[in-house]
Amino acid sequence: QVQLVESGGGLVQPGGSLRLSCAASGSIFSIYAMGWYRQAPGKQRELVAVIISGGSTNYSDSVKGRFTISRDNAKNTVYLQMNSLKPEDTAVYYCNAHLLTIAGSREHYWGQGTQVTVSS
């Protein structure tokens, strides 16, 4: 089994910053990519940012220049530094990991989600 545990969400004023963390643990052989998605009320879940094993990153246009994704491979942890937050960034943020398990299967796993609310 694999678990993804997220932390770091909360309430912040517009223009503020938050840092999300997601730690993967369990029967992991290797991780291909980790990323962050978000889902606002009444909307579909969307990709925010992803980082692959080699370090390459990709961002949605709506967060480019404001958010930074990074990863600590030794800790199987991914971070999302969110700056210049806007009310439209309000959503539940989910961590995702695409990985190879010890049993030899390629799987996608999701975290439980963490609420980010940007409001004055």
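Reader: Where is Asn-76 found in the chain?
Author: This is a predicted model. Strand 8 covers residues 77-82. Asn-76 belongs to the loop between strand 7 and strand 8.

Reader: What is the phi of Asn-76, given that Asn-76 is not a glycine?
Author: Asn-76 is not a glycine, yet its phi is positive. The value is about 50 degrees.

Reader: Is Asn-76 buried, partly exposed or exposed?
Author: Buried means under 20% relative accessible area, and exposed means over 50%. The relative accessible area of Asn-76 is 24%, so this residue counts as partly exposed.

Reader: Which loop holds Ser-84, and what is the phi of Ser-84?
Author: Ser-84 sits in the loop between strand 8 and strand 9, the latter covering residues 91-101. Ser-84 has a relative accessible area of 39%, so it is partly exposed. Although Ser-84 is not a glycine, its phi is positive, at about 50 degrees.

Reader: Is Arg-66 buried or exposed?
Author: Arg-66 lies in the loop between strand 6 (57-59) and strand 7 (67-72). The limit for buried is under 20% relative accessible area. Arg-66 has 11%, so it is buried.

Reader: Which side chain does the side chain of Arg-66 join in a polar contact of 2.8 Å?
Author: The side chain of Arg-66 reaches a backbone oxygen at 2.8 Å, that of Ser-62. A polar contact of 2.8 Å also joins the side chain of Arg-66 to another side chain, that of Asp-89.

Reader: Which residues is Arg-66 in contact with, leaving aside neighbours within four places in sequence?
Author: With those neighbours left aside, the list includes Ser-84 and Asp-89.

Reader: Which aromatic pair does a search of the whole structure find, and how are its rings arranged?
Author: The search finds one aromatic pair. The ring centres of Tyr-37 and Trp-110 lie 5.0 Å apart. Planes over 60 degrees apart count as edge-to-face. The planes here are at 65 degrees, so the pair of Tyr-37 and Trp-110 is edge-to-face.

Reader: How many residues apart are Tyr-37 and Trp-110?
Author: Tyr-37 is in strand 4 (residues 28-39), and Trp-110 is in strand 10 (residues 106-110). Tyr-37 is partly exposed at 24% relative accessibility, and Trp-110 is partly exposed at 39%. The pair links distant parts of the chain, and its members are 73 residues apart.

Reader: Over which rings do the charged ends of Arg-19 and Arg-106 sit?
Author: The charged end of Arg-19 is 4.1 Å from the centre of the ring it sits over, which belongs to Tyr-79. The charged end of Arg-106 is 4.1 Å from the centre of its ring, which belongs to Tyr-32.

Reader: How many helices and strands does the protein chain have?
Author: Along the sequence, the pattern reads β-β-β-β-β-β-β-β-β-β-β. The count is zero helices and 11 strands.

Reader: Why is the protein chain as compact as a globular protein of that length?
Author: For 120 residues, the globule rule gives 14 Å. The chain is as compact as a globular protein of that length because its radius of gyration is close to that value, at 14 Å.

Reader: What share of the 120 residues is buried?
Author: Buried means under 20% relative accessible area. Residues of this kind make up 42% of the protein chain.

Key
Residues numbered from 1 in each chain as written. Predicted model: local features only at pLDDT ≥ 70, side-chain atom pairs only at ≥ 80, totals over all residues. Heavy atoms only, no water. Phe/Tyr/Trp six-rings, centres within 6.5 Å; stacked < 30°, edge-to-face > 60°. Helix = DSSP H or I, 4+ residues; strand = E, 2+ residues; numbered from the N terminus. Buried < 20%, exposed > 50% of the residue type's maximum accessible area, 1.4 Å probe, protein only. Lys NZ or Arg CZ within 6 Å of the ring centre and 35° of its normal. Polar contact = N/O pair within 3.5 Å; in protein donor to acceptor, adjacent residues only side chain to side chain. Contact = heavy atoms within 4.5 Å. Rg over C-alpha atoms; globule rule 2.2 N^0.38 Å.
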